[in-house]
Amino acid sequence: MNAAVAEEMQLDRGVKQFIAEQRKMLINGDWVDSASGQTLDVYNPATGDIIAHVPAGNHEDIDRAVKAARRSFETGAWTGMTASERGRIIWKIGDLIQDHLEELAQLEALDNGKPITVARAADVPLSADMFHYMAGWATKIEGNTMSLSVPYTPGAQYHAYTVKEPVGVVGQIIPWNFPLLMAAWKLAPAMTCGCSIVLKVAEETPLSALRLGELIQQAGVPDGVVNIVTGLGVEAGAPLAAHPDVDKISFTGSTEVGRLIVKAAEGSNLKKVSLELGGKSPNIVLADADLEVAIPGAANAIFFNHGQCCAAGSRLFVQENVFDKVVQGVSDQASGMKLGPGLNPSTEMGPVVSRDQFDRIKGYLDAGISEGARAAAGGKVREGKGYFMEPTVFVDTKPEMKVCAEEIFGPVVTVAPFKDMDEALVAAANETVYGLAAGIWTNDVSKAHRLAAKLKAGTVWINCYNIFDAALPFGGYKQSGWGREHGHEVLNNYTENKSVCINLA
Ligand code: NDP
């Protein structure tokens, strides 16, 4: 980026310097160019201007990175440390993220377009917290002992126990919607389990993860344990998923690419796979809900991060006697949102991440209107520079419309009325191939529990939405994914369970 433009944006000194330098990727502790020498442009979605260049990694770079990860794993550079030493280093990464909060938040707002206020309050602190939380688990990864009966060896005595071992070399592929946080969600638990990692970041938003790579080095992580490769999905992501020396692949992104990951694992070495994929989450407002809370809650459920959230509450169901009031309230919230560049502190909604996403979401707005939906708010894109869209509330919808059936991944919600809290409501809420999240707004605790039990979703939020925490497992039913991230459950993604059985005779 030109220095004058950086100056004009009033960027933090660290950010100015970071984007002014030619960026490289991290392989085996070195910052390197791609083997091909090719680079990718990185754009500011608020203007469409190029802000940086990163290496265009390909299969050769992935292979180099996997070899480095394998070497570090087999030589015990990381697993050879005590769990307590590893935990202290992982904790330190969390501290360093906190120390660089402003710089990381600005990088995120610049590269992804999200409001700086959100990056400061959510993305960066949550990323630090993920490392802090996981650091505590490093010393608590334990197996069990069990008593065996073994009926076909009468009289024999055995001692048996299980050990949880790191799964080995892990490939991780992340999307662009929460670039730093997704890197933290993936890296922290895998590092905690003692794995060595190759992380492929999204082509749209590589910057904050590269800065995180520097902090990881600063914290004292040995070379080769964390490798960060930039590049296109087909050129760098696909060879990582298909690599015969990767033991496990963890992917977050579209269900479509999730299927390709599964095929690549099947077609190579049957590596273990965990997936966090798309969603089309129902958010249900019962008539007895406190609407002062439910209306802004329903707006936040969809408009947070511009709707670019796998768990977004994109299908709003409202009990018919409060339907008009809720539609009006959510529409007012939508119309009142201040659109602007992510770096502007008063911005409430920034641009969507890229030209591709802009065109894709615009296609859904057009499809909604042509299929007969009515925009109670928004419905249009903003012409001119940058990828700005109006937050949109669609009513008069039918379940078979594209806007109701498909994941839009933008600031677009459909609202449908329902009469009673009955099987028809449950069927409508569950009428999706996805099952990532759901929301319920009510003051009746027994209704809340009854409904939560019937929703096929990995997370159900009651009188809240978009509550993420390092301790709270997150993942999907149905085509929203395989496995869970966060909490102690994520440790299963990165460990193998070994049973050891000793004959005491
Ligand atoms: P993708 O699923 O294409 O991208 C996610 C990650 O996978 C990126 O790092 C991408 O690389 C990589 N990738 C792409 N193709 C391959 C491949 N063949 N093999 C291995 N890795 C690959 O999502 P998009 O960015 O294209 O977004 C499209 C839609 O996906 C969104 O509109 C939304 O519906 C959904 N999505 C869901 C997310 C979630 O959190 N569940 C997050 C992002 C998107 P590259 O950056 O080069 O594309």
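Biologist: Which helix gives the largest share of the lining of the second largest pocket?
Modeller: That is α5, with four residues. Helices here are DSSP runs of H or I with at least four residues, and strands are E runs of at least two, numbered from the N terminus. This is a predicted model, where local features need pLDDT of at least 70 and side-chain atom pairs 80 or more, while totals for chains, interfaces and linings use all residues. Residues are numbered from 1 along each chain as its sequence is written, and side-chain values use heavy atoms, without hydrogens and water.

Biologist: Which helices supply at least two residues each to that lining?
Modeller: α5 (101-112) and α6 (116-137) do. Lining means an atom within 4 Å of a point on a 1 Å grid; a pocket is an open set of points with protein on both sides within 12 Å along at least five of seven lines.

Biologist: How much space is in there, and which residues are closest to the centre?
Modeller: About 340 Å³. Met9, Pro341, Gly342, Leu343 and Asn344 are closest, out of 18 lining residues. The lining has nine nonpolar residues, six polar and three charged, with Gly counted as polar.

Biologist: Now the ligand. What surrounds it?
Modeller: A shell of 29 residues, the closest being Trp176, Glu203, Gly233, Ser254 and Arg360; a shell residue has a heavy atom within 4 Å. Of the shell, 14 are nonpolar, nine polar and six charged.

Biologist: Which side chain puts an N or O atom 2.6 Å from a ligand oxygen?
Modeller: Arginine 360 does. Such N or O pairs count within 3.5 Å. From the backbone, a polar atom of glycine 233 is 2.6 Å from a ligand oxygen, and one of leucine 277 lies 2.8 Å from a ligand nitrogen.

Biologist: How much of the ligand does the protein bury?
Modeller: 89% of the 860 Å² that the ligand exposes when taken alone, using a 1.4 Å probe.

Biologist: How many bridges join β5 and β6?
Modeller: Two, and pairing needs at least two. Methionine 146 has alanine 160 of β6 as its bridge partner.

Terms used: On a 1 Å grid over the protein atoms alone, a cavity is a set of points where a 1.4 Å probe fits but cannot get out, and a pocket is an open set with protein on both sides within 12 Å along at least five of seven lines; lining residues have an atom within 4 Å of a point. Grid points are joined across faces, edges and corners, and a volume is the space filled by probe spheres set on the points. A polar contact is a pair of N or O atoms within 3.5 Å; within protein, one must be able to donate a hydrogen and the other to accept it, and residues adjacent in sequence count only if both atoms are side-chain atoms.
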